[in-house]
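Okay, thanks for having me.

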Amino acid sequence: MKRRTLTAQDEPLPPPMQLQPLLLDVDTVAVVLSMGRTKIYELIAREELPVLRFGKSVRVYLPELQAWIVRRIQSERDLIA
């Protein structure tokens with residue numbers, strides 16, 4: 001009995017890597033938070049939303065955005081309790 005050699009066509013392809021951006025622009029943050037761009041800029045101006053500045057570009061670091069959301073939820077819960 002002869003063994004068949006596997007070829008590249010026989011091997012399943014690994015799933016494509018999906019990179020999630022770490023730095024989000026204002027438009028993306030607005031979509032993620034379901035808010036308007038103006039509200040996002042207001043939060044940035046009041047220094048409530050953590051941002052990174054690169055010249056005139058403003059970006060929000062995704063892990064910091066997630067932490068900010070958790071802190072906001074916790075502070076809302078603290079007000080209720």
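**Helix packing around α1**

So, start with α1 and α2: their axes come within 9 Å and cross at roughly 105°. Axes here are lines fitted to C-alpha atoms, for helices over the stretch in contact, and angles run from 0 to 180 degrees between N-to-C directions. That makes α1 roughly perpendicular to α2, a label that covers 65 to 115 degrees. Helices are DSSP runs (H or I, at least four residues), and strands are too (E, at least two), numbered from the N terminus.

Quick caveat: this is a predicted model, with local features needing pLDDT of at least 70 and side-chain atom pairs counting only at pLDDT 80 or more, while totals for chains, interfaces and linings use all residues. Residues are numbered from 1 along each chain as its sequence is written, and side-chain values use heavy atoms, leaving out hydrogens and water.

Who touches whom? On the α1 side we've got Val26, Asp27, Val29, Ala30 and Leu33, meeting Arg37, Ile40, Tyr41 and Ile44 in α2; contact means heavy atoms within 4.5 Å.

Now α3, residues 62-80: its axis and that of α1, residues 26-33, come within 13 Å and cross at roughly 35°. There, Val29, Val32 and Leu33 in α1 meet Leu65, Trp68 and Ile69 in α3.

Keep an eye on Val29. Leaving aside neighbours within four places in sequence, Val29 is in contact with Leu24, Ile40, Leu49, Val60 and Leu65.

That's my tour, folks.

Conventions:
Angles under 35 degrees count as roughly parallel, over 145 as roughly antiparallel, 65 to 115 as roughly perpendicular and the rest as oblique.
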